[in-house]
There are 2 protein chains.
Amino acid sequence: MKKRVIDLITMPVIVGAAGVVGKTEGEGPLSQHFDYIFTNDGMGESTWESAEKALCKKAMDIAIVKSGLTPSDIEIAFGGDLVNQCTPSAFGMKDFNIPFAGLFGACSTFALGLALAALTVDRNIYDYAAAEASSHFCSAEKQFRMPLEYGSQRPPTAQRTVSGAGTCILGNAFEGVCVKKVMIGKICDRGVTDATNFGAVMAPAAVDTAAAFLQETNTSPSDYGMILTGDLGKVGSELMTQLLKEEYSIDISGVQADCGNLIFDAAAQDVHCGGSGCGCSASVVASYIRKQILNGETDNVLFIGTGALMSPLSALQGDTVPGIAHAVLLSKKG
Amino acid sequence: MKKRVIDLITMPVIVGAAGVVGKTEGEGPLSQHFDYIFTNDGMGESTWESAEKALCKKAMDIAIVKSGLTPSDIEIAFGGDLVNQCTPSAFGMKDFNIPFAGLFGACSTFALGLALAALTVDRNIYDYAAAEASSHFCSAEKQFRMPLEYGSQRPPTAQRTVSGAGTCILGNAFEGVCVKKVMIGKICDRGVTDATNFGAVMAPAAVDTAAAFLQETNTSPSDYGMILTGDLGKVGSELMTQLLKEEYSIDISGVQADCGNLIFDAAAQDVHCGGSGCGCSASVVASYIRKQILNGETDNVLFIGTGALMSPLSALQGDTVPGIAHAVLLSKKG
């Protein structure tokens, strides 16, 4: 068996980060932790896709300022989103003039970007590399489900796509939140065809990645301050916990958290199974989680970004919805 | 100014590769060089998207066999395509059980994948890494332009999306076609809004990347056996040559070639401005170009993969079409 977990040697540090969100997310429990909250979901733009571009741009802008760098210091940005052909990322990034590697990993995009950015800095390819991801509730609903104007009823298993974006800039530093290990996920398909139940789709991928990571590193859930998924929501989190127990005898019940559950107040905000979308884990990890680690509230956060690799067309064609999950171990350094 | 060209230390070698194509491509001038030619464009599948999945799968299958490896030896595959949410790559890759990093770079995807795969092997992150990309004429026409059944007339500047896929598996070896240098491109936007003229959209990005690469490496076009774009087609190739001369006084006229021009016989095959699509440069580089270098017909091929970062929606919304171009220097080793 090939080793799948990559140990980082210099353990690159997040030298600048920002999580920005829309109005609803700004009214949720993590409100005080975000770097910027837009007061309406149009973000001053004329289309939902441009609004998402604005989220992407704002997160990158703030992260650069906070890092004390200039855009020309950043040698590569890895990023993507959920919109067809990832246009919000392309339009959001184009004015920064930073070399750009476009990713598609559905909601796992931020974890994938963070992993690749950390690897390139760790192995001395770049001095500074950024990871970014975004999503917008309205661009996602319109594209994946129904135009908002229809007022369609959403099934109870549905998650709400977060309007948000997150950026982390990685570089070598002695202190801060660092990336210790990364693991790229395999595509998992257990035959689920319900594209309104992403939790069920992505949980098996999260299970595969979590189990492989724990086994290969010879660690147990209690070695981590948090096993943080992004974003399984309520149904997926329960399924992941159950499957890990049944199939691998691994109990994560005390330590599992999910960005989609953290970002909204499920009882007060009517978001069904919680948040989702590339921008959910991106905004939560870049702000709240990073601060929690920095402040010593938690440490050794095993962030597992999960994605549902489907399109509206593949769902209509009756295809299954394969999932994928990438892991990034975040820890305090210095 | 930060250095943008990354020199590879071990210079990873393409240890297995395959280019597979559809019927029309198989009737073109590179016919004898492809590893597999499907006899009809349905590839035995019931949808065009599944047909593209079959292309992706076949290229990966053959590349693995030719490398003498097993799928479990390959520690990561970078790949993507043009279809919404890149489903052909996800469905094509899922049965191989190889960790998967999804990319989106439009037609530049293969160059991006090749660059990242080479970097990860070069810096000792993985022993074997694969790059793959695919496209299909029918899935692309349906999604980006008109359903084929309409029989729409295509403008003279249009390129024909190649039905094809290519895979290169990189590893450390003493002999073969190796990757010497890579450079990730910046997003270039010169305000072109004509989404039926990708050559014009992508040429400025190719110019930016080519000029930066040549300047930074202190080389001139005559140092290369080929400056190979993928895929500017006829209009874009002429524009790139003209812009490089006008803006940088660099003359590539004797050395420029384009995967989109190579794959079809423009006079006989009625393909307007040549081929395009992620699968074009992927299939041409993985087969014909690789063999040309291996056989000593050419050497030092500066492969510049170009992409148009647009969606049908962004075009309808009146947005410009930004371009991007990533460079990979291929050479013979041993």
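**Close-up views of the predicted model**

**Figure 1. Surroundings of A:Tyr224 and its ring partner A:Phe213.** A:Tyr224 counts as buried, at 7% relative accessibility; buried denotes under 20% relative accessible area, exposed over 50%, and partly exposed the range in between, for a 1.4 Å probe and protein chains only. The model is predicted, so that local features need pLDDT of at least 70 and side-chain atom pairs count only at pLDDT 80 or more, whereas totals for chains, interfaces and linings use all residues. Residues are numbered from 1 along each chain as its sequence is written, chains are lettered from A and ligands numbered from 1 in the order in which they are written, and side-chain values use heavy atoms, with hydrogens and water left out. Over all chains, the structure holds 4 aromatic pairs; rings of Phe, Tyr and Trp (its six-membered ring) pair if their centres lie within 6.5 Å, with planes under 30 degrees apart counted as stacked, over 60 as edge-to-face and the rest as tilted. One of these pairs joins A:Phe213 and A:Tyr224, whose ring centres are 6.4 Å apart with planes at 65°, so the arrangement is edge-to-face. A:Phe213 lies in helix H6 (residues 198–216) of chain A and A:Tyr224 in the loop between H6 and strand S10 (226–230), 11 residues apart; helices (H or I, at least four residues) and strands (E, at least two) are DSSP runs numbered from the N terminus. A:Phe213 is buried, with a relative accessible area of 0%.

**Figure 2. The rings of B:Tyr36 and B:Phe38.** Their centres are 4.9 Å apart and their planes stand at 75°, so this pair is edge-to-face. B:Tyr36 is partly exposed at 34%, whereas B:Phe38 is buried at 10%. B:Lys58 lies over the face of B:Tyr36, 4.2 Å from the ring centre; a charge sits over a ring if NZ of Lys or CZ of Arg is within 6 Å of the ring centre and within 35 degrees of the ring normal.

**Figure 3. Cysteine A:Cys86.** The whole structure contains 0 disulfides over all chains, a disulfide being a pair of cysteine sulfur atoms within 2.5 Å. For A:Cys86, the nearest cysteine sulfur is that of B:Cys86, 6.3 Å away. A:Cys86 is buried, at 7% relative accessibility.

**Figure 4. The axis relating chains A and B.** Chain A can be laid on chain B with an RMSD of 0.0 Å by a turn of 180° and a shift of 0.0 Å along the axis, the copies being superposed by least squares on the C-alpha atoms of residues with pLDDT of at least 70 in both. This is the relation of a two-fold axis. In chain A, the C-alpha nearest the axis belongs to A:Leu103, 2.0 Å from it.
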